[in-house]
Number of protein chains: 2
Amino acid sequence: MHLFWEHGYEATSLAMLREAMGLTPPQIYNAFTDKETLFRKALTRYHQTEIGFALEALSAPVPTREAIRRLLLGAAEAYSRPDKPGGCLFVSAALATSPQAQAIADELKAYRKASEAAIANRLAKGKAVGDLPENLSVEGFAKYLAGVMNGMSIQARDGASVEELRVLAQTALAALPAEGQNQAASSKE
Amino acid sequence: MHLFWEHGYEATSLAMLREAMGLTPPQIYNAFTDKETLFRKALTRYHQTEIGFALEALSAPVPTREAIRRLLLGAAEAYSRPDKPGGCLFVSAALATSPQAQAIADELKAYRKASEAAIANRLAKGKAVGDLPENLSVEGFAKYLAGVMNGMSIQARDGASVEELRVLAQTALAALPAEGQNQAASSKE
DNA sequence: CAGGTTTCGTATCGATCGCTATGGATAAAA
DNA sequence: TTTTATCCATAGCGATCGATACGAAACCTG
């Protein structure tokens, strides 16, 4: 998973994977069928172990602004762990691929779209509760937030520290409109 | 250039390049020495022909907020041209590479860092003129803006339209603080 | 201990990568 | 017309890709 995270799908060779896992070629193919299913296993593992903060933030029983704050700050931490590759695997692993691997690229794109949809769902819920102004475009703002997270992934890959990503997240939060009461509190931290 | 833009450095094979240019192997090597220098030629060409909006926006004799607005809206257009690959070549072409191509990845990273530095310079100038509040962190805000542009690049690659990217840019602009007079005007458009 | 079966590491498969040597066609010089 | 030189497309170079065939070792069963 770390190798795919660092070098992407195509640039990670089976020789690297074999050396990292200490397996011989038949062992790796008995266990994972082929490279593509191995990558998909790494994908689901990444989703379960490294991206939990997102679902956690979006489903927490807190006001919408706080949920989004947790989402972005969670990304700041998850994308800049010292012992892990920088950024998000969903963004890095197959952004530009050869025509043969476009199925993989499409699958990662679907993951990103799903993340954006999850954000949009949370925003719609917040709008229904009254946390967000009536005239806010849920889809537009979800695209903004998903875009900011993707941008944080690039910045993390370029070496941005946790603190720098946190500042970026806080800055991005300033674009979030508030229905009155909770705007002043956010400028404190 | 379009092939590198679409498929990235490593996933673009010389066979694809030869077919696109209608050249035989010796012709391509006589003209461009090897794949790496060909890619660098494509890089400088991309920088000259597709990214002019950035320098233009940052050096225009307009208030800081307007400069940033032109920067982000310019990116929205440049990243979603119908007849061009989506997103920015500097972001897409070598985000995750094999160890052999890390020199290329580092070079693109340097390009991205240079863009962020250019934004920071413009912000510092704006701060000196009084367009921006005194307590604003120039580096932090530049990292935010560069991150938003990188995120727009990902969204464009995922199929976002010009209009969607424009909305994203406008949303990102809402995070820009103003020294009083020009804040009200921006919420109009 | 002998026989049959399963497991597993090595060696290698065909395909493709970036890149280059070679042979034949063409053009200029005598 | 003959000779020489230049150009350039085809064929193939070594290396590496993902994936597999084969022989040896190990193990459970009589």
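**Exercise 1. Find how chain B is placed relative to chain A in this predicted model.**

Solution. The superposition is by least squares on the C-alpha atoms of residues with pLDDT of at least 70 in both copies. That is the relation of a two-fold axis. Next, check the contact residues: 100% of those in chain B recur in chain A, so the same surface serves both copies.

Some conventions apply throughout. Residues are numbered from 1 along each chain as its sequence is written, and chains are lettered from A and ligands numbered from 1 in the order in which they are written. The model is predicted: local features need pLDDT of at least 70, side-chain atom pairs count only at pLDDT 80 or more, and totals for chains, interfaces and linings use all residues.

**Exercise 2. Describe the contact between chain A and chain B.**

Solution. Count residues: 37 come from chain B and 37 from chain A. Two residues are in contact if their C-beta atoms, placed from the backbone, lie within 7 Å. On the side of chain B that touches chain A, the elements giving two or more residues are helices H1 (2–11), H7 (89–92), H8 (102–129), H9 (138–157) and H10 (162–173) of chain B. Helices are DSSP runs (H or I, at least four residues) and strands are too (E, at least two), numbered from the N terminus. H9(B) gives the largest share, 12 residues. By class, this side of chain B has 16 nonpolar, 12 polar and nine charged residues. Ala, Val, Leu, Ile, Met, Phe, Trp, Tyr, Cys and Pro count as nonpolar, Asp, Glu, Lys and Arg as charged, and the others, Gly among them, as polar.

**Exercise 3. Examine helix H9(B).**

Solution. Take its span first. H9(B) has 20 residues and reaches 29 Å from its first C-alpha to its last. That is close to the 28 Å expected at 1.5 Å a residue, where the span is 1.5 Å times one less than the number of residues. Now its cover: 17 of the 20 residues of H9(B) are buried. Buried means 20 or more other C-beta atoms within 10 Å of a residue's own, exposed means 12 or fewer, and partly exposed lies in between; C-beta atoms are placed from the backbone. Gly159(B) follows H9(B), with a positive phi near 100°.

**Exercise 4. Find the buried side of helix H5(B).**

Solution. H5(B) runs over residues 52–59, and Ala54(B), Ala57(B) and Leu58(B) are buried there. They cover an arc of only 90° around the axis, so they sit on the same side of H5(B). The arc is taken from the directions from the helix axis to the C-beta atoms. Gly52(B) and Ser59(B), on the other side, are exposed. The buried residues of H5(B) pack against helices H6 (64–78) and H8 (102–129) of chain B.
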